[in-house]
Amino acid sequence: MLLEIRLRGRGGQGIVTASEMLADAAVEEGRYGQSIPAFGAERRGAPVAASARVSDSPIRRHSLVYSPDIVGVFERQLAGDPETLVGIKGGGILLVNGRSAPDVPGVRCAAVDATAIAVENGLVVAGWAVVNTAMLGAISKASGMVGRATLEKVVRRRWRGELGERNVRAALAAYEVAGP
Amino acid sequence: MIATGNHAVAYGVRSARAEVVAAYPITPQTQIVEKLSEFMASGEMRGRYIRVESEHSALSACYGAAACGARAFTATSSQGLLYMNEMVFWTGLGRIPMVMAVVNRTLAPPWSIWNEHTDQLAQRDAGWISMICESVQEAYDTSIMAFRVAEDAEVMQPVMFGLDAFSLSHTAERLDLMPQEDADAFLPRLDPSMLPVLMDTRSPATYGNLTGPDAMMEVRSAIRDALERSKRVIEEAAGAFGRASGRRQAGLVEDYRCGDAEVVIVVAGASSGDAKDAADALRDQGTRAGVLRMKAVRPFPSEAIVRAVGGAKAVAVVDRDYSFGMGGILATEAASVVGGRAARYVAGLGGRDIRPEDFMGMAADALRAAESGDPAQGHEVWWGLRRSPSAPGGQGGA
């Protein structure tokens, strides 16, 4: 099975890091993973996207994701942006950082309050809640291809010490509550 | 583990135990030499990292190091490759067995950082063996194999290999590293006495001095012969690396389902995987499609192309490059061996994505042209060309 995932957020929110960790987790599970950043004139705060694929078989293609099975939105305001949802598969999953899920016909919508989880775990840099590990946890759960222990392992591999532990707690908290 | 294409190249150069790295940073290549400088600084690689003021100097330093018997590596991209152009020819025509990674990036103007193959293909007449990779894993594998090919006594020519900007250089994929003892067994230490030119400060001599018309053709024919012999050496290296790694390797080409194909897509680089997915999808719809991926562009795999497209009704050559006033470079060269059957498609210039659906469309178009009896010669399509450059439907985020 091949799952195609689009991550949507703002420059500085760590969507590329999240998509790499998702690919890493898939490989850790004995599967295949791919993370493709969309590079442009990146600026902190500007809308950005990344593509990721997880699969049971080798991933050969390198084009970006146009028909995602899952869209993860790191910044609530971008949920309504046409570029966020374009091409999403019927019955696909829209996972939004927020307190309530939006309502999009034909799409399974879910919310995870990644911002609150990040703040609770002290993941705030220069006034920004760093939501990427919480969103990673939620997307991992939604993918059905990444287990809890693997999630914990790839997050801990990325950051050491106390910072690593805070990120692990955020990822696991989101993993627990994420639907749908 | 996972790694980006850039880091995979750095891991490969570490596995190959390169002794001298000289480089100048340029997007999107910089991560390769950054990582190598970290390996050198930490002692994971033993050797010398030479910081230089330009790409011309980077390749000059590698030239000198390799001519003195060291295993030398550099990496560059687009404008940087152009800036080292004079030394590219010095290194190739001077028979210096070193290795260079080229992150294939569009040439300016207008300024661009995205992928295109014209930068590397524009250097094809310099006496280098020239290859283009499809995946992160292949970028790592090729980083090791390239040294073995370059240093083979039958070859002794430099090797450059390309990887597509961003869609390989910055894309992270699964990567399996080769145990160091396996890499060492595959790639023994360079024996300097085998070099066509060995510079020795204890025995000073000049090389490349004024050569008259009475000798130059013979000098050139030695390089011609080396590139011809490299075809066999490349296949042997791919076979040996495949056995050592357990990962099947492409030599000059990769033949994907061409055997019974009615239409063959000829392509190089990172989007070859999209072409394979397209071939599978076409077969599901009842069209027998295959992909001939060109791993090597120099030496040009003429025989392999002829073999692969043998029974096909249509051939669609897809170029992510262009020679103005003539056509796609690979299509022009393929046409020289398969004749008028090669329908030419120019796609993905400046980094525009080529999706599996695009390859399906090109294959169908080539079949249509062949079946309608249109002479395919001169059938050149700029795939997805828009009437207005700002029209929507392009690559997301780019």
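Author: Arg17(B) sits in the loop between helix 1 (5-15) and strand 2 (20-23) of chain B; helices (H or I, at least four residues) and strands (E, at least two) are DSSP runs, numbered from the N terminus. This is a predicted model, where local features need pLDDT of at least 70 and side-chain atom pairs count only at pLDDT 80 or more, while totals for chains, interfaces and linings use all residues. Residues are numbered from 1 along each chain as its sequence is written, and chains are lettered from A and ligands numbered from 1 in the order in which they are written.

Reader: Why is Arg17(B) called partly exposed?

Author: A residue is buried if 20 or more other C-beta atoms, placed from the backbone, lie within 10 Å of its own, exposed if 12 or fewer, and partly exposed in between. Arg17(B) has 18 C-beta neighbours inside 10 Å, so it counts as partly exposed. Its phi is positive, about 55°, although Arg17(B) is not a glycine.

Reader: What makes Ser78(B) buried or exposed?

Author: Ser78(B) has 27 C-beta neighbours inside 10 Å and therefore counts as buried. This residue is in helix 4 (residues 78-83) of chain B, and its phi, near 35°, is a positive value in a residue other than glycine.

Reader: How do you know that the peptide bond from Ala108(B) to Pro109(B) is cis?

Author: Its omega is near 0°. Pro109(B) belongs to the loop between strand 5 (99-104) and helix 6 of chain B. Another cis peptide bond, with omega about 0°, joins Arg298(B) and Pro299(B).
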